[in-house]
2 protein chains.
Amino acid sequence: MSGEHGVPSRPSRRITASDVARLAGVSRSAVSRALTPGASISEKTRDKVMAAAAELGYQPNLMARSLMTRQTRLIALVMAQLRNPFFTDMLGMFNRHFQERGYQTLLLAVEGAQGVDEVLESVFQYQPDGAVLVSCSPSLALAERCVRDGMPLVVIDRGADTALDGIASHVWIRSDRLGLEIAERLLAEGRRRVALIEGYAGEPLSERARCFMERMLRAEGVSVQVEYGQYSYAGGYAAGLRLLRSASPPDAVFCIADPMALGVVDAARLELGLRVPEALSVIGFSDIPAAAWRSHALTTARLPIAELVSHAADALLQRVESPDTPAQTLLLDCPLIPRGTTLPQP
Amino acid sequence: MSGEHGVPSRPSRRITASDVARLAGVSRSAVSRALTPGASISEKTRDKVMAAAAELGYQPNLMARSLMTRQTRLIALVMAQLRNPFFTDMLGMFNRHFQERGYQTLLLAVEGAQGVDEVLESVFQYQPDGAVLVSCSPSLALAERCVRDGMPLVVIDRGADTALDGIASHVWIRSDRLGLEIAERLLAEGRRRVALIEGYAGEPLSERARCFMERMLRAEGVSVQVEYGQYSYAGGYAAGLRLLRSASPPDAVFCIADPMALGVVDAARLELGLRVPEALSVIGFSDIPAAAWRSHALTTARLPIAELVSHAADALLQRVESPDTPAQTLLLDCPLIPRGTTLPQP
DNA sequence: AAGCGTTTTGCACGCGCGTGCAATTTTAGC
DNA sequence: GCTAAAATTGCACGCGCGTGCAAAACGCTT
């Protein structure tokens with residue numbers, strides 16, 4: 001027994017159940033049983049074990065335990081766009097949900113070249129009990145393997161891809177209604193020269209943008225132009241300037257993310273001296289905290305983050321704890337929040 | 001061999017090294033060795049094993065592996081204030097650093113009643129190779145146990161607490177210089193009626209606020225009043241109104257967090273019609289993205305997040321990989337970024 | 001006090017893996 | 001072609017833990 005007391009010698013072995021057993025004068029199985037709620041053990045020995053465990057500061061090794069129990073109480077959280085503050089919000093909420101129900105969060109970021117499949121494969125080594133995928137979806141083959149191997153999946157922000165239906169649960173927003181509502185709001189204001197600001201030129205249009213466009217193009221005498229603002233304030237500011245200085249400046253802009261919308265508002269007001277909302281309506285998406293600031297008072301659609309997260313977490317843990325639960329799909333509405341960058345509704 | 005092909009039957013056992021060995025026609029040790037870089041194995045068998053592994057989609061079970069290797073390649077990230085966007089920024093960066101060097105991030109939030117020690121104890125069960133503590137520090141006893149058991153610690157934002165010196169590494173900012181520089185900047189502008197906006201009334205003053213106060217109180221004919229803004233825009237807005245409507249309104253405000261500073265600016269300009277910076281100087285702290293927005297152009301001190309994180313990650317992994325490295329302390333400077341809410345320096 | 005049923009306990013095994021050691025094969029040397 | 005050295009392989013063990021099973025201890029009745 002080296003370094004049992006006093007100076008911390010070498011990386012002295014961590015305390016194991018055997019150490020506790022020895023100190024308590026019982027068998028190692030007794031220690032196991034003392035820590036297992038339903039197990040068959042007398043009050044007396046349990047107390048002895050607990051006392052010894054407390055004295056040694058014993059913590060069971062979950063890695064070893066998981067070998068037997070076949071569950072790690074680990075949930076993998078795979079996120080693309082970890083830089084986006086709106087996603088890190090979700091992260092905190094997910095973590096809280098999981099922690100409350102006795103699970104820990106293993107964080108994985110999908111960045112740059114390495115694909116979702118690659119990351120997911122590597123997480124696999126930790127044998128998490130389930131995984132949440134945010135803004136990224138794996139190949140069908142891999143998803144099937146995950147589910148077959150007892151690792152349920154829930155996907156958030158998967159877009160219109162329906163290949164995973166029935167395999168992975170899916171929680172996201174009703175983009176169709178959202179795009180429609182925003183389009184009609186602008187039309188009702190009498191706007192006819194409309195602009196849409198998307199994220200990046202290379203990527204396919206987001207669902208909400210697509211539905212917005214669809215409705216707009218159905219309207220008569222309406223023109224729609226598209227710009228790109230990289231999801232950022234600066235990008236939105238620049239895109240706003242390009243649009244408003246062009247030959248046919250818009251009288252309404254829908255930005256698929258709030259930071260870009262705030263940039264457009266500032267470009268219009270502070271750089272060009274335009275009046276918002278009189279000369280230009282601006283609508284964003286997400287309802288980030290800054291959207292409510294008095295300086296901007298941005299009209300935007302609220303992304304119900306808390307609800308999304310709590311539904312996704314529930315759906316996942318449900319399947320983790322009773323594997324026969326089928327995968328479900330849930331779509332939530334995004335209420336439009338009228339503030340000061342659109343005209344008051346008649 | 002059930003469900004080897006076709007319908008996913010019951011939670012069919014995950015693929016193990018034995019399965020691979022059987023398919024490759026070698027012993028299980030051979031599989032182990034094929035996957036261990038330096039191991040003694042012929043090119044031929046390695047190829048056979050790799051082929052079989054690929055065919056079965058084999059992923060080694062890290063839990064089992066960690067039992068032998070005594071390392072999990074897991075780093076625990078313990079954060080208080082996970083709601084604070086500035087901290088979630090760090091989170092993403094940490095994760096990236098760890099992932100790049102082959103470690104995964106186990107996320108832990110310290111919230112409400114449950115203390116750091118409690119959380120840290122529970123993480124212990126996962127035997128992480130190291131831990132980062134953000135805005136929270138454990139008891140000395142627990143920290144000692146962590147280090148003794150081979151789990152190095154690095155603490156960020158620990159404040160002035162020096163009890164852990166030599167046990168846990170420490171990376172944070174030079175609050176003393178920061179407070180001093182901001183105070184002197186405002187004094188140089190000729191401000192004499194100064195206000196400080198802190199987070200919460202109950203908590204002890206933050207380091208930077210304390211140093212700021214110290215300098216101010218040394219100056220002649222300067223009065224300092226303190227308000228509280230809960231670290232938020234709304235809180236800062238309200239605090240700003242209280243100050244500016246009082247009998248002795250300040251002509252300069254230092255807010256220990258940017259969101260509050262932005263609230264003060266808006267309260268002054270938009271609600272009270274004051275001119276910033278002519279009638280009121282405002283300085284914040286962090287340099288969040290919104291501070292650079294044209295609408296506010298907030299003068300603030302930049303918290304060097306990327307540098308903090310990269311130094312902290314390096315310090316930690318260094319100790320993880322060679323346990324004899326001593327704990328170190330590193331303090332970084334926060335450059336003051338003059339923008340539009342302070343007077344141009346003479 | 002003996003008999004029976006009911007806890008409680010310890011033993012032994014295996015979860016999936018890495019690794020020392022001895023047996024085996026391959027290679028080199030003459 | 002034969003032997004010694006080197007490379008490769010399989011066996012067996014243990015990492016820390018949960019759990020079925022049979023032995024032991026206990027409680028109760030007659």
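1. A polar contact here is a pair of N or O atoms within 3.5 Å, and the structure under discussion is a predicted model.

2. On DNA strand C, Ser42(A) has an N or O side-chain atom 3.1 Å from a phosphate oxygen, and Arg65(B) places a polar side-chain atom 2.5 Å from a phosphate oxygen.

3. For contacts to bases, Arg33(A) deserves attention: a polar atom of its side chain lies 3.4 Å from a base oxygen of DNA strand D, and an N or O atom of the Arg33(A) side chain is 2.7 Å from a base oxygen of DNA strand C.

4. The surroundings of DNA strand D comprise 24 residues, with Ala17(A), Ser32(A), Tyr58(A), Arg65(A) and Thr45(B) the closest, and they divide into 10 nonpolar, 9 polar and 5 charged. Helices H2 (28-35) and H4 (62-69) of chain A, together with H2 (28-35) and H4 (62-69) of chain B, each supply at least two residues of this surface.

5. DNA strand C is surrounded by 24 residues, the closest being Ala17(B), Arg28(B), Ser32(B), Tyr58(B) and Arg65(B). Of the atoms of DNA strand C within 4 Å of the protein, 53% belong to sugar or phosphate, and the rest to bases.

Definitions and conventions: Residues are numbered from 1 along each chain as its sequence is written. Chains are lettered from A and ligands numbered from 1 in the order in which they are written. This is a predicted model: local features need pLDDT of at least 70, side-chain atom pairs count only at pLDDT 80 or more; totals for chains, interfaces and linings use all residues. Side-chain values use heavy atoms; hydrogens and water are left out. A residue is near a molecule or strand if one of its heavy atoms lies within 4 Å of it. A polar contact is a pair of N or O atoms within 3.5 Å; within protein, one must be able to donate a hydrogen and the other to accept it, and residues adjacent in sequence count only if both atoms are side-chain atoms. Helices (H or I, at least four residues) and strands (E, at least two) are DSSP runs, numbered from the N terminus. Ala, Val, Leu, Ile, Met, Phe, Trp, Tyr, Cys and Pro count as nonpolar, Asp, Glu, Lys and Arg as charged, and the others, Gly among them, as polar.
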